[in-house]
Amino acid sequence: MSKYNVTRRGVLRTGAGAAAGLTLPTYLRAAAHSGFTNAPTGDTVTLGFNVPQSGPYADEGADELRAYQLAVEHLNGEGDGGMLQTFSSQALEGTGILGKKVEYVTGDTQTKSDAARASARSMIEKDGAVMITGGSSSGVAVAVQALCQEAGVIFMAGLTHSNDTTGKDRKANGFRHFFNSYMSGAALAPILVDQYGADRKAYHLTADYNWGYTTEEAMASSTEALGWETVNSVKTPLTQTDFSSYIAPVLNSGADILVLNHYGGNMVNSLTNAVQFGLREAQANGKQFEIVVPLYSELMARGAGQNIAGILGSQNWDWKLENQLGERYKGTNAFVKSFGEKYGFPPSQAAHTCYVQTLLYADAVTRAGSFEPCAVVEALEGFEFDGLGNGPTLYRAEDHQCFKDVVVVRGKENPENEFDLVEIVEVTPTEQVTYAPDHPQFSGGALGSCNNGA
Amino acid sequence: MDQFIVQVLNGLDKGSAYALIALGLTLIFGTLGVVNFAHGALFMLGAFCAVIFSRLISLSHEIVDETRTDFLGNPMTVDVPYMHDIFGPELGASIIDWAVPLAILFSIPVMIGVGFAMERGLIKHFYKRPHADQILVTFGLAIVLQEIIKAFFGANPIQTPAPEAFTGSFDFGVWLGYDPLTIMYPYWRLVYFFFAAVVIGAVFAFLQFTTFGMVVRAGMADRETVGLLGIDIDKRFTLMFAMAACVAGLAGVMYAPIVAPNYHMGMDFLVLSFVVVVVGGMGSLPGAVFAGFLLGILESFASMPAVVDLLPGINQIVIYLVAIIILLTRPRGLMGRKGVMEE
C-alpha cells in the first residue's frame with residue numbers, strides 16, 4: 001500500500017508544470033491561428049449551418065439545409081456547379097475555399113433565441129466553425145448575430161426579414177442577403193394602390209414580436225404615404241392558432257383591406273380563418289374587401305392551399321424569375337436545375353438565400369485570400385455582384401444589407417401543381433426599395449468594428 | 001350588441017372543442033383515476049386521422065402528359081386519383097371533397113384501437129403509482145406521439161378543407177334583423193357546434209340509459225363495492241378509456257377544417273382543457289361541458305380589440321384569471337363533488 005504525502009512544495013511544482021503544459025498548446029494554437037477565431041489549420045474548413053430542425057419553422061429549416069448541402073458540393077467541385085458558373089465574380093473554382101475542402105456541422109435553432117445561441121456557440125467552440133449561417137426567424141438572427149460578433153466569426157444571416165437585423169441590431173460581423181420589412185412595404189405599396197385604389201382603409205393583424213412590429217410599421221407608413229388610412233392594428237400572440245376572434249371584428253371596423261403581418265403557421269391559420277369568415281367575398285365601403293400578406297413564402301402558400309389564391313405579397317426571389325423575366329435574373333435556372341435534380345422539387349426562397357450566402361462568403365474569403373473575419377468583412381462591404389438570381393446586387397457597406405430587386409407575387413387562381421402556387425406580378429427595381437442607412441425605421445444601431453476574436 | 005353576438009358565436013366552436021376534450025379527460029379521471037396528459041395528443045391524432053384519410057382517398061397514380069412540361073422542362077407527370085378510376089371523375093371528386101366527414105368513420109376504429117393500446121400497453125401499469133408518475137408518463141407519451149406525427153407530416157400546418165358545400169359563411173346578422181355582413185359565422189363552425197352537441201348528448205345518454213353506463217357510473221362512485229359484486233370493472237374501464245380517446249379523436253377530426261392540423265395542436269388544447277376540468281369540478285361531467293363553453297366564450301370576448309386596447313394581454317390570461325377566481329370562491333370547481341381527489 002502506498003501513501004501520498006501532499007506538501008506545499010509538491011503542489012506548487014505540479015501547479016507550475018500544469019500551467020506551463022496548458023499554456024504551451026494555447027500559445028502554439030494562437031500562433032497558427034494568426035490571431036482570429038477558429039483559423040483553419042489542416043486541409044479542411046468547417047462551416048456551421050444553424051437552422052430550425054424542429055419547431056414551427058422546421059420545414060423552412062429543412063429546405064435551408066438542402067441548399068447548404070448543395071452549396072458545399074458545388075464549392076468542393078462536385079455536382080454540376082450550380083451558380084458557380086453564373087456568379088459574376090469568377091473567383092471560385094470548385095476547389096473548396098482557398099484550396100481547403102469544405103466540411104460542415106449543423107445545429108438546431110428550434111426557432112428559439114436561446115437554443116439558437118447555444119447551438120451556434122457549440123459549433124464555434126467545439127466544432128471550430130469559422131462561419132455561422134442560417135435561421136428562419138428575426139429573433140434568432142439578431143441573437144446569433146450578436147453572439148458571432150462577440151466570438152469573432154462571420155454570420156451570414158438566413159431567412160430574416162425584420163428591419164432590425166440590419167437596422168438597430170446590425171453588427172460588423174453580420175451580413176444579410178434577404179430583403180426586409182421596409183423593402184416589402186416600398187415594393188408592395190405602389191402595386192396595392194394601383195390594384196385596389198388610393199382610397200382604402202387598412203386593418204393590421206400583427207404577430208406580437210420583433211418582425212411583426214417592423215413589418216407593420218413599414219406597411220403602414222408606405223401605404224399611408226400613398227393615401228391609405230390605417231384604421232386599426234391588433235397584436236396577436238405568436239402561439240395563437242385560431243384567429244377567429246381577431247378576424248370577426250374586422251368587417252365591422254370600417255376597414256376594406258386586411259393586412260396579415262404573420263408568417264409561417266400563424267399566416268396559414270389567420271388567412272384560413274379570414275377566408276372562412278367570408279372576407280374575400282365581402283364588400284366594405286362599396287369596394288371589394290381585400291387581404292394582403294406582406295411576406296410570402298412558397299412553403300406557406302403550400303400550407304394555405306386554395307386560400308392564397310389572388311392574394312398579393314412580396315418575396316426575395318422566386319424560382320420562375322429567369323424563365324419569365326429573362327437574362328437579368330440569370331443564375332436562377334442554374335440553381336433550380338441543380339436543386340431540382342437533386343431533390344425533385346423547386347427550391348424555396350429560404351433555400352435560395354442560404355445557398356447564395358454560402359457562395360458569397362466563400363467568394364469573399366477567396367478574394368481576400370484569408371479566412372480572417374475582418375478581411376472577409378472588407379471584401380464583402382460595398383461588393384457589387386450579379387448572376388446569383390436577383391439581378392445586380394450591392395452589399396452595402398454602411399449596414400451590411402443587400403440591395404436588389406423585390407419580387408411582388410400573387411397567389412395563383414388555378415395552380416397546375418403543388419409547386420406552382422404563386423405568380424410573379426411585378427419586379428420592383430432596386431432604386432425604389434433603397435433607403436438611407438440612417439432611415440428612421442433603421443436608426444439606433446451601429447455596426448461597430450469587426451471582431452477577429454481569438 | 002352585434003359584437004357581443006359575434007364573440008358568443010366565436011366562443012361556441014372553441015368551447016365545443018374544450019368541452020369534448022374535457023369530457024374525455026373527466027371520464028378517464030373519474031373511472032381510472034388517471035391524470036392523462038396525453039389526452040391533447042389524442043385530439044391531435046384525431047385531426048391527423050382526417051389528414052391521413054384524405055390522403056388515402058386521394059392516392060393517385062402518375063400519368064405523363066407530353067403536352068405540358070414541369071419546372072425543369074421535362075414532360076409533366078400528372079397525378080390521377082384512384083377514386084377517379086373507380087367511381088368516375090365526378091363521383092370520385094365529390095368523395096375526395098367529403099373527406100373530413102367521411103374520416104369520422106375511419107377515425108372511430110383507429111382511435112378506439114389507439115385508446116385500447118394506450119391503456120393496456122402503458123397506463124394500466126401506473127394505476128397504483130402516484131399522480132405525479134402518471135402525469136410524467138402520459139406527458140412523455142404525448143411528446144412521443146407528437147414527434148412521430150412530425151416525422152411523417154412535417155412541422156407546418158396541413159390544410160384539410162371542409163366539403164365545398166360548407167365553405168363560406170352564414171349571415172347571422174340578416175337572420176337577427178341586423179345589416180348584412182355584421183355577424184358572419186362560417187358554416188363549418190356551425191356544423192362543429194352541432195356535432196359536438198350530438199357527441200356530448202350521446203356520451204351522457206350512454207352513461208345514463210345503458211346497463212354498461214350504469215355499471216361505469218357505479219364504478220366511478222365506488223369501485224371496490226362494484227368489484228365485490230362480481231363485476232369485472234377493470235375491463236369496463238378499459239373500454240371507457242377507449243371511448244374517451246374516441247371522443248377526443250372525433251373532436252380532432254371535425255376540428256381539422258377550422259385550424260389546419262399541426263403536430264403541436266394537442267398541446268395547445270391540453271393545458272386549457274385541464275383548466276376547464278378543474279373549473280368545472282374534478283370528476284363532474286356536466287361541469288366539464290359547462291366550463292368548456294364558458295371559458296371558450298370568455299376567451300373569445302377577451303380577444304376583442306376593444307378589450308385588448310383597454311387591458312393589453314388580457315386575451316392570454318383571462319382563462320387562468322377566471323380559474324383563480326372560481327377556485328378561490330368555489331374550491332371544488334363549479335360542479336365539483338365532495339371527496340374527489342381530497343383524501
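**View 1. Strand 6 and strand 7 of chain A run parallel, joined by seven bridges.** Strand 6 covers residues 201-207 of chain A; helices (H or I, at least four residues) and strands (E, at least two) are DSSP runs, numbered from the N terminus. Look for Ala202(A), whose bridge partner in strand 7 of chain A is Thr230(A). Helix 6 (residues 210-224) of chain A packs on the sheet, where it touches strand 6, strand 7, strand 8 (257-261) and strand 11 (290-295) of chain A. The direction of helix 6 makes about 165° with that of strand 6 of chain A. Here, contact means that the C-beta atoms of two residues, placed from the backbone, lie within 7 Å. Axes are lines fitted to C-alpha atoms, for helices over the stretch in contact, and angles run from 0 to 180 degrees between N-to-C directions.

A word on the model: it is predicted, so local features need pLDDT of at least 70 and side-chain atom pairs count only at pLDDT 80 or more, while totals for chains, interfaces and linings use all residues. Residues are numbered from 1 along each chain as its sequence is written, and chains are lettered from A and ligands numbered from 1 in the order in which they are written.

**View 2. The open sheet of seven strands in chain A has mixed pairing.** Its order is 7-6-8-11-12-16-17, and two strands pair if DSSP finds at least two bridges between them. At the edges are strand 7 (229-236) and strand 17 (422-428) of chain A, each of which pairs on one side only. From one strand to the next, the twist averages 25°.

**View 3. An open sheet of three strands in chain A has antiparallel pairing in the order 13-14-15.** The edge strands are strand 13 (383-385) and strand 15 (402-403) of chain A. Strand 13 is joined by three bridges to strand 14 (residues 393-395) of chain A. Within this pair, Phe383(A) has Tyr395(A) as its bridge partner in strand 14 of chain A.

**View 4. Chain B meets chain A through 33 residues of chain B and 34 residues of chain A.** On the chain B side, helix 1 (2-32), strand 4 (184-186), helix 11 (265-280) and helix 13 (305-310) of chain B each give two or more residues. Helix 1 of chain B gives the most, with six residues.

**View 5. Val259(B) lies in the loop between helix 10 (233-255) and helix 11 of chain B.** Val259(B) is buried because 25 other C-beta atoms lie within 10 Å; the cut-off for buried is 20 or more other C-beta atoms within 10 Å of the residue's own, against 12 or fewer for exposed and partly exposed in between, with C-beta atoms placed from the backbone. Not counting residues up to four places away in sequence, Val259(B) touches Thr241(A), Asp242(A), Asn269(A) and Met265(B). Pro161(B) is 98 residues from Val259(B) in sequence and 9.5 Å away in space, C-alpha to C-alpha.
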